[in-house]
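Let's take a walk through this model together, from the whole chain down to single residues. Keep the structure open beside the text as you read.

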Amino acid sequence: MAPASRRREVDARLAATVREERGRLVASLVRILGDWDVAEELVQEALVAALQTWPRDGLPERPGAWLLTVARRRALDRLRRDARYRDRLAQIGDELQLMDTRADETGGPMGSDDRLRLLFTCCHPALSLEAQVALTLRTVAGLETPAVARAFLVPEATVAQRIVRAKRKIRDAGIPYRVPEPAELPGRLAGVLSVLYLVFNEGYLASSGEAPERRELCTDAAWLASLLARLMPDEPEVLGLLALMRLHLARADARFAADGALVLLPGQDRGLWDHAEIARAVELLERSLRMDRPGPYQVQAAILACHATAASYAETDWGEVVALYDRLLQMTDSPIVALNRALALAERDGAQPALEALEPLEWRLAGYHLYHASRAMLLRRLGRLDEATDADRRALARTDNPAEQRLLAERLASR
Amino acid sequence: MRYMMLICDNGAWEPLSEEENRALYGRIASWWDEHRQAGRIVEGHQLQPPDTATTVRRAPDGNVTVTDGPFLEAKEVVGGYGIIDVADLDAAIALASGWPAPDTIEIRPVIE
């Protein structure tokens, strides 16, 4: 094989392997060593060794096992040199060997429990939400700190500091490295899901002109959700969230025109949607619904499924969409959900009742650009054009998103 | 691990009748005894109200001033404390979650 194409193949395989194996290795080493920084450094060293060796010698048959062997050897070298581990060296050595034994049982280098431990610890409610997000992306998804910073539009030093502080709190406040007990699990799982959904939404709101790291947050979040779904296949809300993300991603190509302009749902070319992926996501959603433990992510995915499987905007089952929003409102009492319900109501019953449904939301949503943009849309339909322009101006003043700003500015200019 | 539980009155107390008050203090006492006997509570006390507090400030030059009242003017006032000894933060959270009164509890690890 020519060196260049071999290099490309190694790069692609390495990227896939890193994503899958890195978190796995870090998770097990954190458990065994009890030190997050040392665990991450050892895995980093193993990855660097792979980058040096694989392009020269070709890819190993089981890249995960290869990385494990290197990480374990380096861990033992390091522990022997470090006085802090002297008393526990024998025990740690045994546990490092066990990492290997389990490889034969599970087919992968390690059992999956450690990654669950890692995820639940990163999303512990005793950490700030920003810290939970940064730590999860850095440690479980393996994003480098600068990439996390670019994705969230904050300085790199801020992200680094959040991660350092979070690790310090985990150590000093005694946050345990474990999956919560069954009694605590529903609340703690909801916390993990909300972190993953927040990451997804950050990426979803990014416009096509922004840094790729920002848009890739969607796929990072979907990967984390699919990992969680593999580890907890009997939790319907996990499957619901994964279905929700996939139903968004399957239609992502239609959201922006060739020139980068945002295209809203009614105007999207449904031919650009990935209908096979939509079908798979709907199947996943149906699997979660059969477990008969409803929750907000399943309902949101069901709403998206209505849109994603409709032949056209006009042929959407708006009655079902409104009913699902009603269900969601009972679960969440969110004004944003009420806003979306009003928009579905506009399609089912007309603009006037929808406008009336928006009115009681104003005191909670006056600062939210989509509240004003939605009002503008309904007012336009009712022919109240001056009021519509006012509402669009308010919306424009309240969004920082370049694609949304452009859409609103064009709308204002065209009247 | 040892943690300090700072038990703060967060203003969520409804005025209680004397009888309800006695019942609540009874629940607090039996909760405390249960965890103390199990070794989860090392020690602790209820404190007199903040208007009994005296603040002593020592300046870098060694000068000492004594003033009346608590040093923090806060809506939430510390009404008691406990030193607890449990496995980890989750165990501390679980313990604090069982506190029988509508209070806010701050959990801080103790440096040992």
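What percentage of the 415 residues in chain A do buried residues make up? The answer is 40%, where a residue is buried if 20 or more other C-beta atoms lie within 10 Å of its own, exposed if 12 or fewer, and partly exposed in between, with C-beta atoms placed from the backbone. Before going further, please note that this is a predicted model, in which local features need pLDDT of at least 70 and side-chain atom pairs count only at pLDDT 80 or more, while totals for chains, interfaces and linings use all residues. Residues are numbered from 1 along each chain as its sequence is written, and chains are lettered from A and ligands numbered from 1 in the order in which they are written.

Let's begin with the overall form of chain A. Its secondary structure comes to 20 helices and zero strands; helices (H or I, at least four residues) and strands (E, at least two) are DSSP runs, numbered from the N terminus. The C-alpha trace spans about 80 × 55 × 40 Å along the principal axes of chain A. Among contacts in chain A with a separation of 6 or more, 60% join residues 24 or more positions apart, a contact being two residues whose C-beta atoms, placed from the backbone, lie within 7 Å.

Chain A is divided into domain 1 (1–111), domain 2 (112–194 + 206–211) and domain 3 (333–415), with bounds from an automatic or database domain assignment. The centres of domain 1 and domain 3 of chain A, taken over C-alpha atoms, are separated by 52 Å.

Now to helix H8 (156–172) of chain A. H8(A) has 17 residues and reaches 24 Å from its first C-alpha to its last, close to the 24 Å expected at 1.5 Å a residue, the expected span being 1.5 Å times one less than the number of residues. Its buried residues are Val159(A), Arg162(A), Ile163(A), Ala166(A), Lys167(A) and Ile170(A). These lie on the same side of H8(A), because they cover an arc of only 125° around the axis; the arc is that of the directions from the helix axis to the C-beta atoms. On the other side of H8(A), Ala157(A), Val164(A) and Arg168(A) are exposed. After H8(A) comes Gly174(A), with a positive phi near 70°.

Two loop residues deserve a look. Leu153(A), in the loop between helix H7 (145–152) and H8 of chain A, has a positive phi near 55° although it is not glycine. Leu153(A) counts as partly exposed because it has 13 C-beta neighbours inside 10 Å. Asp333(A), in the loop between helix H14 (318–332) and helix H15 (335–349) of chain A, also has a positive phi, near 50°. With 9 other C-beta atoms within 10 Å, Asp333(A) is exposed.

Finally, turn to chain B. In its helix H2 (residues 89–97), Leu89(B), Ala92(B) and Leu95(B) are buried. The buried residues of H2(B) fall within an arc of 120° seen down the axis, so they line one face of the helix. Their cover includes strand S1 (2–9), helix H1 (18–37), strand S5 (77–85) and strand S6 (104–109) of chain B.
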